[in-house]
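Please look over the chains shown here. A short report on their folds, helices and annotations follows.

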Amino acid sequence: MKIRELMTTDVQCCAPDASLQQAAQIMADIDVGIVPICSANDRLEGCVTDRDIVIRAVAKGMDVNTTRVGECMSSAMVSCSPEQTAQEASNLMADHQIRRLPVVENGRLVGIVALGDLAVVGIHENEAGFALSEISEPGIH
Amino acid sequence: MKVRDLMTKDVRTLKTNHTLREAAELMASLNVGVIPIAEEGDKLRGILTDRDIVVRAVAKGVDITRAKINDYMSPKLVSINPQETAAEAAKLMAEHQLRRLPVVEEGQMVGILSIGDLSVVDIHENEAGYALGEISTPSRPQL
């Protein structure tokens, strides 16, 4: 099955000059941990995760109301095309240890696909390489 | 196997009057996403996650250099006794959808048990109820 049929097309994203507070608000409102950052015409610039906000901004004492999300995002990011298969997306998620992939077509963000979306084609969390992902460094808490 | 044999001891904690910035700094330096909050004598008071900081504080635009952990942590929390079994711990994690449990003995925090610690006794993440736990609304197959 193609990613186009599995992805969520109604994606909330942020402009790079939005504040961290605004990105965090989206995370809180729709219960997600990652927000795509898009410039004009839905061009994907990067993504910011809840963890990025904590490690790159809060830990450094930055003002969350004035710091722009563009300063904390990860710009080198993995994405997939809507024409790719569920299996390919699953491999990408496993390789990069991520649970959500932005879906990009001609440079524009057209959707997002989550690991859970792949369950309909029989790909489950452990099979995508996640089963033991949290025990890579036992003893560190 | 008992929780005592599987848990991590010597866990770093913070106090309720530390700031969110200090909590974030510790999360960054230890590369963790959760910090137990304890008072004198290691009495466990709550737990603070990176997600708590984002959803409860950053989303509301609070000054994270002044905001105290006390106002943003989860005070009522699930914990386990070190004498319990690994299976009991897995059951608790699944029930409450947690990946980490503080280990408490007579009110004192003595360690932390993460879902990965259970893998040595063949309890893996999906079996503890997490297989699709992070997916808010799993799609249903059309049969």
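## Around helix H4 of chain A

Just after H4(A), A:Gln97 takes a positive phi of about 55°. This is a predicted model, and the angle at A:Gln97 is computed from it.

H4(A) itself spans residues 86-96. Its buried residues are A:Ala86, A:Ala89, A:Ser90 and A:Met93. Why do they lie on the same side of H4(A)? They cover an arc of only 100° around the axis, which puts them on one and the same side of the helix. On the other side of H4(A), A:Asp95 and A:His96 are exposed.

## Chain A overall

Chain A has 4 helices and 4 strands. From the N terminus on, their order is α-α-β-β-α-α-β-β. The chain has 141 residues, and 42% of them count as buried.

Now take the contacts in chain A with a separation of 6 or more. Residues 24 or more positions apart account for 59% of them.

## Helix H3 of chain A

H3(A) covers residues 50-57 and is mostly covered. Of its 8 residues, 7 are buried. These are A:Asp50, A:Asp52, A:Ile53, A:Val54, A:Ile55, A:Arg56 and A:Ala57.

What covers the buried residues of H3(A)? From chain A, the cover includes helix H2 (20-30) and strand S2 (43-49). Chain B takes part as well, with its own H2 and H3.

## Helices H2 and H3 of chain B

Two packed helices are described by the angle between their axes and the distance between the axes. In chain B, helix H2 (residues 20-30) and helix H3 (residues 50-57) pack at an angle of about 145°. Their axes are 10 Å apart. The crossing of H2(B) and H3(B) is left-handed.

Which residues meet here? H2(B) brings B:Leu20, B:Ala23, B:Ala24 and B:Met27. H3(B) brings B:Asp50, B:Ile53 and B:Ala57. Sorted by type, the residues of this contact are 6 nonpolar, no polar and 1 charged.

## B:Leu92 in helix H4 of chain B

B:Leu92 sits in helix H4 (residues 86-96) of chain B. Is B:Leu92 buried or partly exposed? B:Leu92 has 18 other C-beta atoms within 10 Å. Burial takes 20 or more, and exposed residues have 12 or fewer. B:Leu92 is therefore partly exposed.

Leaving out residues up to four places away in sequence, B:Leu92 touches B:Val78, B:Ile80 and B:Leu101. B:Val78 is 14 residues from B:Leu92 in sequence. In space, the two are 8.0 Å apart, C-alpha to C-alpha.

## Domain annotation

UniProt places the feature "domain: CBS" at residues 7-64 and 73-128 of chain A. The entry is unreviewed. For chain B, the UniProt feature "domain: CBS" (unreviewed entry) is at residues 7-64 and 73-128.

In chain A, the end C-alpha atoms of residues 7-64 lie 31 Å apart. That span of chain A is 33% helix and 22% strand. In chain B, the end C-alpha atoms of residues 7-64 lie 31 Å apart, and the span is 33% helix and 22% strand.

Conventions: Residues numbered from 1 in each chain as written. Chains lettered and ligands numbered in written order. Predicted model: local features only at pLDDT ≥ 70, side-chain atom pairs only at ≥ 80, totals over all residues. Helix = DSSP H or I, 4+ residues; strand = E, 2+ residues; numbered from the N terminus. Contact = placed C-beta atoms within 7 Å. Axes fitted to C-alpha atoms, helices over the stretch in contact; angles between N-to-C directions. Left-handed = near helix turned anticlockwise from the far one by under 90°. Nonpolar A, V, L, I, M, F, W, Y, C, P; charged D, E, K, R; others polar. Arc of directions from axis to C-beta. UniProt positions renumbered as here; feature names shortened; annotations may be inferred.
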